[in-house]
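Student: Could you go through this structure with me, one topic at a time?

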Amino acid sequence: MHSFEILGHPVYSGPNSLSRLGEICVGTAPAATYAIVTDSGVAPHWLETARAAIEHAAGRVVVEVVPAGEASKSREEWARLTDRLLARGCGRDTTIVALGGGMVGDLAGFVAATFMRGVALVQVPTTLLAMVDASLGGKVAVDTPAGKNLVGAFHPAAAVVIDTRTLSTLPARQVRAGFAEILKHGAIRDAGFFATAARAAQRVADALATDARPDWADSELALVVERAAAIKAEIVAADPFERGRRALLNFGHTVGHALEHASEYAMLHGEAVAIGLTSEALLGERLGLTVPGTARLLAEALAAAGLPVSIPPGISSAVLLSVMRADKKQRHGRPRFSLIASVGHPIGDDASGWTVEVPTDVVRSVLREQGARD
């Protein structure tokens, strides 16, 4: 098991790290009660392993299971969970353990940030996307009818426990979706890693196409997961409250979040981000800020990973633009985008900022080019 730090807290990574969850919880977030929050998809596979590890080392454990799916990341589910914890006698000496993908991590994290004005949180991501992105960086939130992650807080986890063994039960579609964020991390930070991740993504996609299961103990795959997580940790450490360069992590997400919302979350986050990466690279090219051919390079890598790179039929540019105007990065009703100059090289600096305002007509034109209807 390897470890590194994010915001002064440890991240443990490697196969079988889940078996050490109890000792990690006691060492990083001691509590009288550990409240495991998971979902109905993860619970049958990994709940008993996590519960047994904590009970062996720490004592009292309570469990709350929410329905799988983005619809559970709501203010209503947050209220239900906090009421349940109060009814079960949980107090300020409680640690929340988020066992699941990004939805569970965000929802349970928001519960931890607000319950009793804030209790400790341990993130145990079980999806590829959560391992390299959602569980890291301390941002927690719930969705609203106006858009995704619009009500939330900064609440860093006391520890993050990444056990790649949990990926063995992850549906193929979720595995492919996770590679969108991995490739994004290479695109914004490290061209060499982007190439390595693209090869790994295609190898995994080829295996999944024949119903084979990737070996997540394989050294190359394990290193790709760890390096992607470390890139996220490095960027977050430089800007923990998203006041500057951390915005570059949003490359692909302005369009991506709008697509998720427009599809009523039928589209997975990674699928939407894959389309967003290609679309936002095209925006950069249209503005003369991004090296021509960058969007094509991204699209080829994402498509080889089994991800979509164009907007599905039936989604209108007007709806997407409306959602973008509610995006957290917008200013004065105009959307802003995190863009790259080329693979591995983001646009911006600490003096001028890390986002670019793009004229609405340019955004609309690129959305239509990518398949959005008028």
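**Cavities and helices**

Tutor: Let me begin with the lining of the largest cavity, which by class has 6 nonpolar, 4 polar and 3 charged residues. Here Ala, Val, Leu, Ile, Met, Phe, Trp, Tyr, Cys and Pro count as nonpolar, Asp, Glu, Lys and Arg as charged, and the others, Gly among them, as polar. A cavity is a set of points on a 1 Å grid, laid over the protein atoms alone, where a 1.4 Å probe fits but cannot get out, and lining residues have an atom within 4 Å of a point. Please keep in mind that this is a predicted model, in which local features need pLDDT of at least 70 and side-chain atom pairs count only at pLDDT 80 or more, while totals for chains, interfaces and linings use all residues. Residues are numbered from 1 along each chain as its sequence is written, and side-chain values use heavy atoms, with hydrogens and water left out.

Student: OK, how many cavities of 30 Å³ or more are there, and how much space lies in the largest one?

Tutor: The count comes to 3 cavities of 30 Å³ or more, and the largest holds about 100 Å³ of space. Grid points are joined across faces, edges and corners for this, and a volume is the space filled by probe spheres set on the points.

Student: Which residues lie nearest the centre of the largest cavity?

Tutor: Of the 13 residues that line the largest cavity, Gly 147, Lys 148, His 257, Val 323 and Asp 327 lie nearest its centre. Two or more lining residues come from each of strand S8 (147–154), helix H9 (253–262) and helix H12 (317–324), and H9 gives the largest share, 4 residues. Helices (H or I, at least four residues) and strands (E, at least two) are DSSP runs, numbered from the N terminus.

Student: And what is the volume of the second largest cavity?

Tutor: Its volume is about 50 Å³. The lining of the second largest cavity includes Ile 6, His 9, Ser 135 and Val 160, and by class that lining has 6 nonpolar, 4 polar and no charged residues.

Student: Switching to helices, which residues of helix H1 are buried?

Tutor: In H1 (residues 21–28) the buried ones are Leu 21, Gly 22, Ile 24 and Cys 25. They sit on the same side of H1, because they cover an arc of only 165° around the axis. Buried means under 20% relative accessible area, exposed means over 50% and partly exposed is in between, with a 1.4 Å probe and protein chains only; the arc is that of the directions from the helix axis to the C-beta atoms.

Student: What covers those buried residues of H1?

Tutor: Among the elements that cover them are strand S2 (9–13), strand S3 (33–39), helix H2 (43–58) and strand S5 (94–100).

Student: Which residues are buried in helix H11?

Tutor: In H11 (residues 294–304) they are Thr 294, Ala 295, Leu 298, Ala 299, Ala 301 and Leu 302. Seen down the axis, these buried residues fall within an arc of 165°, so they line one face of H11. An α-helix has 3.6 residues a turn, so residues three or four places apart point the same way. The buried residues of H11 pack against helix H6 (172–189), H7, H10 and strand S11 (340–342), contact meaning heavy atoms within 4.5 Å.

Student: Is Arg 75 buried, exposed or partly exposed?

Tutor: Arg 75, found in helix H3 (residues 75–87), counts as partly exposed at 40% relative accessibility. Not counting residues up to four places away in sequence, Arg 75 touches Val 142, Asp 143, Thr 144 and Pro 145. The C-alpha atoms of Arg 75 and Asp 143 are separated by 7.4 Å, although the two are 68 residues apart along the chain.

Student: What about Thr 82, buried or exposed?

Tutor: Thr 82, also in H3, counts as buried at 10% relative accessibility. Leaving aside neighbours within four places in sequence, Thr 82 is in contact with Val 111 and Phe 115.

Note on methods:
On a 1 Å grid over the protein atoms alone, a cavity is a set of points where a 1.4 Å probe fits but cannot get out, and a pocket is an open set with protein on both sides within 12 Å along at least five of seven lines; lining residues have an atom within 4 Å of a point.
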